[in-house]
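Have the sequence and the 3D view at hand while reading.

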Amino acid sequence: DKGGWSSFMAKEINDQPDAVENTVRGRVSPSGVEIPELTALGDERLRGIDRIIIIACGTASYAGQVGAYAIEQWARIPVEVQLSHEFRYREPVLSDRTMVISVSQSGETMDTLMAVKYAAERGVTTVSVCNTQSATIPRESDAAVYTHAGPEVAVASTKAFVAQITALYLIGLHLGRVKGALSAEAAAQAIAQFDELPAKVREAVDTHEQIAQLAHWMADTRSVLFLGRHVGYPIALEGALKLKEIAYIHAEGFAAGELKHGPIALIDHGQPVFVLVPSPRTSPLMHSKVVSNIQEIRARGARVIAVVEKGDTAVLPYADDVIRLPLADAFFEPLLQVVPLQWFALELSTAKGLDVDQPRNLAKSVTVE
Ligand code: F6R
């Protein structure tokens with residue numbers, strides 16, 4: 001049931017405040033974060049973990065990339081992200097102190113399942129972040145941390161993505177507390193952010209009208225670039241993937257710092273570039289670097305669409321369009337920034353008369369390697 005929306009994807013974008021709220025529910029209290037499925041593994045085992053590898057494909061891998069920054073920061077454990085289908089072939093160095101966290105909406109992605117089995121056979125602790133109850137991957141894992149986004153029908157993943165990031169953050173906070181790497185105060189600050197998150201995601205969803213206008217003017221765009229830094233970088237990759245998937249438009253995401261190492265050569269007159277601008281309050285250094293990037297591309301004719309936190313006026317002289325989002329701590333920005341990018345892909349797809357929910361050549365769950 002599309003609940004009155006024109007597509008499942010539109011409904012699912014709109015469901016995102018509930019998706020994050022439901023994923024947090026029961027795992028966060030004023031006294032802390034606890035994921036019972038991780039507790040069941042035993043604190044000794046968790047304290048012994050010295051390396052985490054997140055494995056996933058597509059959108060789930062970008063959620064993994066966002067989560068990796070936070071888990072490393074909060075738990076002080078080195079975290080890397082690998083595409084499931086690349087994992088085995090490099091013969092990864094694994095031990096009984098390694099944790100592999102798989103991320104999969106469907107829990108049936110064959111590439112990810114094979115990677116989990118490979119890890120499990122080598123004595124690794126396997127944790128599944130999954131949206132589908134009793135799917136194969138969580139059943140094959142030592143612990144299942146379910147996202148509670150509800151069934152996702154549209155091929156392009158939206159609400160599962162924000163729920164995956166949320167679940168990975170909860171895992172990072174849980175591990176950080178168990179390992180003693182994270183103070184109770186720092187955990188409490190993150191918990192307070194979770195409390196405010198659904199309302200902020202709702203505000204991000206409310207950018208729909210503005211984005212629809214923007215997409216209307218840009219309906220014949222042939223290429224779009226996305227720039228981000230830190231946790232904004234995987235969001236840039238996700239914004240580009242969404243556009244490829246459902247609007248069949250060439251799009252690329254870059255780490256903003258890479259611009260001058262090559263991609264800036266792509267910029268010429270009228271090239272649309274979405275820039276995810278970190279908060280000047282929480283990330284002043286990154287903010288000023290990204291504003292410089294905006295100046296550099298603007299000087300070369302780019303059409304700049306800046307996604308900023310409300311009140312950030314630094315970009316105004318250089319941006320053609322400004323999308324304003326609520327204030328949030330740095331790790332919580334991506335959960336807001338991705339929403340207008342999802343709307344943008346949906347609206348361009350619609351403008352081109354395409355089937356938003358059933359893009360060509362794609363299936364909701366990829367059960368072959
Ligand atoms: C993107 C998309 C795909 C999936 C990927 C992994 O919108 O739908 O990139 O994210 O195929 O699927 P799951 O999460 O089911 O393992």
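## A loop residue and its contacts

Setting aside residues within four places in sequence, Ala302 is in contact with Ile267, Asp268, Gln271, Val273, Ile297 and Asp320. The model in which these contacts are found is predicted. Ala302 sits in the loop between helix H13 (284-299) and strand S11 (303-309). Its relative accessibility is 4%, so Ala302 counts as buried, the cut-off for buried being under 20%. Thr158 is 144 residues away from Ala302 along the chain, and the C-alpha atoms of the two are separated by 28 Å.

## A buried residue in a helix

Gln193 belongs to helix H10 (residues 184-205). Is Gln193 buried or exposed? With a relative accessible area of 10%, Gln193 is buried. When neighbours within four places in sequence are left aside, the contacts of Gln193 are Lys200, Ala328, Asp329 and Phe332.

In soluble globular proteins, nonpolar side chains tend to be buried together. Here the largest nonpolar core has 96 residues, and those with the most contacts inside it are Ile52, Ile101, Tyr169, Ile171, Leu243, Phe274 and Phe344. Helix H9 (residues 159-179) gives the most to this core, contributing 12 residues. Another core lies apart from it and has 21 residues, including Ala256, Ile264, Ile267 and Ile294.

Phe274 can be followed in more detail. Not counting residues up to four places away in sequence, Phe274 touches Leu214, Val224, Leu225, Phe226, Leu227, Ile305, Val307, Ile323, Leu341 and Phe344.

## Two packed helix pairs

Two packed helices are described by the angle between their axes and the distance between the axes. The table lists these values for two pairs.

| Helix pair | Angle | Distance between axes |
|---|---|---|
| H12 (residues 232-247) and H14 (residues 333-351) | about 15 degrees | 9 Å |
| H5 (residues 58-75) and H9 | about 20 degrees | 8 Å |

How are H12 and H14 oriented to one another? The angle between them makes H12 roughly parallel to H14, since angles under 35 degrees count as roughly parallel. The crossing of H12 and H14 is right-handed. On the H12 side, the contact includes Gly232, Ile235 and Leu243, and on the H14 side it includes Leu341, Phe344 and Ala345. By class, the residues of the contact of H12 with H14 are 11 nonpolar, four polar and two charged.

The angle listed for the other pair makes H5 roughly parallel to H9. The crossing of H5 and H9 is right-handed. Among the residues making this contact are Ala63, Gly67 and Trp74 of H5, together with Leu168, Tyr169 and Gly172 of H9. The contact of H5 with H9 has 14 nonpolar, six polar and one charged residues.

## Two residues with positive phi

Most residues other than glycine have a negative phi, and most peptide bonds are trans. His230 has a phi near 55 degrees, a positive value in a residue other than glycine. His230 lies in the loop between strand S8 (223-228) and H12. Its relative accessibility is 24%, so His230 counts as partly exposed.

Asn361 is not a glycine either, and its phi is positive, about 65 degrees. Asn361 is found in the segment after H14. At 77% relative accessibility, Asn361 counts as exposed.

Technical notes:
Residues numbered from 1 in each chain as written. Predicted model: local features only at pLDDT ≥ 70, side-chain atom pairs only at ≥ 80, totals over all residues. Heavy atoms only, no water. Helix = DSSP H or I, 4+ residues; strand = E, 2+ residues; numbered from the N terminus. Buried < 20%, exposed > 50% of the residue type's maximum accessible area, 1.4 Å probe, protein only. Contact = heavy atoms within 4.5 Å. Core = buried A, V, L, I, M, F, W, Y, C linked by side-chain atoms within 4.5 Å. Axes fitted to C-alpha atoms, helices over the stretch in contact; angles between N-to-C directions. Parallel < 35°, antiparallel > 145°, perpendicular 65-115°, else oblique. Left-handed = near helix turned anticlockwise from the far one by under 90°. Nonpolar A, V, L, I, M, F, W, Y, C, P; charged D, E, K, R; others polar.
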